[in-house]
Amino acid sequence: MQDPELVNQLKERLPEALFEKLNGSLSIDRDRLRFAEYKVRVLEERLRLVRIEKYGPGSEKLSDAQLELLELEPGVSSAEVEAESERAQLKLPLKGAKKHPGRQELPAHLPRVEKLIACTPEQCVCGNCGKENSVIGYEKSEQLDVKPAEYFVVVTKREKRACKDCEEQGVECAPAPVRIIEKGLASDRVVIDTVVSKYADHVPLYRQSAILARETGIDLSRATLDGWVMRVGELLRPISGAMAQELLAGNYIQADETTVGVQMHDGRGKNHQAYLWQYSRPRGSVVFDFRLGREREGPRRFLGNFEGLLQSDGYGGYDHIGGKGIVHAACWAHARRKFFDAVKLNPKIKHRFESWCK
């Protein structure tokens with residue numbers, strides 16, 4: 001906006017010819033700026049129409065920001081666009097003042113054990129007339145308590161039968177129940193608890209071995225517990241295989257790999273750097289594939305003849321794998337990292353990236 005007071009001051013202080021020249025130049029610049037704003041609006045509207053045509057009639061209800069996000073999301077279906085258009089818009093402000101929740105109530109499904117505390121003898125007698133006070137109610141409070149784990153020995157007795165008159169028939173014995181560790185000292189419950197503690201609670205096996213020795217007096221080596229974990233992994237292979245088939249049956253997979261140290265008995269005293277490959281899709285199954293190396297054979301064997309969209313980083317191990325219809329999608333985080341690496345090498349170009357991000 002033009003400031004009339006400033007214009008009057010310039011008119012009084014500048015020569016008339018110079019003032020007219022400057023004023024004319026400002027008018028031309030204002031016209032150019034107004035034309036540029038109109039042009040930007042027209043281009044934005046054209047871009048919106050192109051995106052609506054691309055994503056279908058349901059996208060007409062979406063804002064420009066939502067349409068722009070769809071461009072960044074690979075493999076968006078028309079059903080997802082329709083569902084997004086029917087979703088109620090969030091009302092601003094999203095964050096408001098939170099009320100203090102007060103004292104948290106303990107879950108109702110936990111069993112209750114009542115503990116009664118009686119009044120003292122002095123409180124049981126009226127201090128005025130000396131008569132016995134009557135119980136009129138209770139002041140109740142709840143605290144979370146715990147019962148330490150109780151280890152016990154299950155003695156399984158399998159019935160044996162034989163005919164006293166027909167000794168040649170031999171002895172019949174009740175069938176042994178199926179167990180995770182055949183002929184092992186630990187029950188299925190102990191084995192499952194060990195696996196849950198390792199992977200859900202992140203308690204290493206050597207610590208669990210020390211806990212068992214402290215609580216039960218039984219010395220079970222870490223190698224024994226390793227055997228339990230490996231056996232459970234073998235039993236779960238059909239489930240992980242079914243999850244992998246479900247993942248490969250789709251048309252979009254996200255892949256990444258992370259390092260994991262593995263103890264090797266080669267006398268070096270150092271951990272071998274292995275890799276845990278992760279394959280997943282949003283709101284879907286997540287499958288982990290362990291490999292001792294980072295060779296291309298790992299993703300090649302897992303993906304097989306997969307055809308669809310594969311989103312990963314720039315690691316070359318993902319190249320030339322899968323079926324002929326596979327399409328590679330880049331990772332935004334890794335692409336962004338390259339720009340930061342470039343700025344670290346040449347700080348003088350930092351202002352270029354900052355101007356592009358505005």
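Modeller: A search of the whole structure, which is a predicted model, turns up one aromatic pair.

Colleague: Which rings are in the pair, and how are they arranged?

Modeller: The pair is tyrosine 279 and phenylalanine 302, with ring centres 4.0 Å apart and planes at 10°. Planes under 30 degrees apart count as stacked, so this pair is stacked.

Colleague: Why those two numbers?

Modeller: A pair of aromatic rings is described by the distance of the centres and the angle of the planes.

Colleague: Where do tyrosine 279 and phenylalanine 302 lie?

Modeller: Tyrosine 279 is in strand E4 and phenylalanine 302 is in helix H9, residues 297-303. The pair therefore ties together parts that are 23 residues apart in sequence.

Colleague: Is tyrosine 279 buried or exposed? And phenylalanine 302, buried or exposed?

Modeller: Tyrosine 279 has a relative accessible area of 0%, so it is buried. Phenylalanine 302 is at 13% relative accessibility and counts as buried; the cut-off for buried is under 20%.

Colleague: Change of topic. What span should H5 have, and what is the distance between its end C-alpha atoms?

Modeller: H5 has 12 residues, and at 1.5 Å a residue they should span 16 Å. The end C-alpha atoms of H5 are 17 Å apart, which agrees.

Colleague: Which residues of H5 are buried?

Modeller: Val191, Thr194, Val195 and Ser197 are the buried residues of H5. They cover an arc of only 165° around the axis, so they are on the same side of H5.

Colleague: What covers the buried residues of H5?

Modeller: The cover includes helix H6 (205-216) and helix H7 (222-235).

Colleague: Something else: what does the charged end of lysine 198 sit over?

Modeller: The charged end of lysine 198 sits over the ring of tyrosine 199, at 5.1 Å from the ring centre.

Colleague: Where does lysine 183 lie?

Modeller: Lysine 183 is in the loop between strand E2 (171-173) and helix H5 (188-199). Lysine 183 counts as exposed because its relative accessibility is 84%.

Colleague: What about phi of arginine 283?

Modeller: Arginine 283 is not a glycine either, and its phi is positive, about 60°. Arginine 283 belongs to the loop between strand E4 (271-280) and strand E5 (286-291).

Colleague: Is arginine 283 buried or exposed?

Modeller: Exposed, because its relative accessible area is 82%.

Methods: Residues are numbered from 1 along each chain as its sequence is written. This is a predicted model: local features need pLDDT of at least 70, side-chain atom pairs count only at pLDDT 80 or more; totals for chains, interfaces and linings use all residues. Side-chain values use heavy atoms; hydrogens and water are left out. Helices (H or I, at least four residues) and strands (E, at least two) are DSSP runs, numbered from the N terminus. Buried means under 20% relative accessible area, exposed over 50%, partly exposed in between (1.4 Å probe, protein chains only). The expected span of a helix is 1.5 Å times one less than its number of residues. The arc is that of the directions from the helix axis to the C-beta atoms. Contact means heavy atoms within 4.5 Å. Rings of Phe, Tyr and Trp (its six-membered ring) pair if their centres lie within 6.5 Å; planes under 30 degrees apart count as stacked, over 60 as edge-to-face and the rest as tilted. A charge sits over a ring if NZ of Lys or CZ of Arg is within 6 Å of the ring centre and within 35 degrees of the ring normal.
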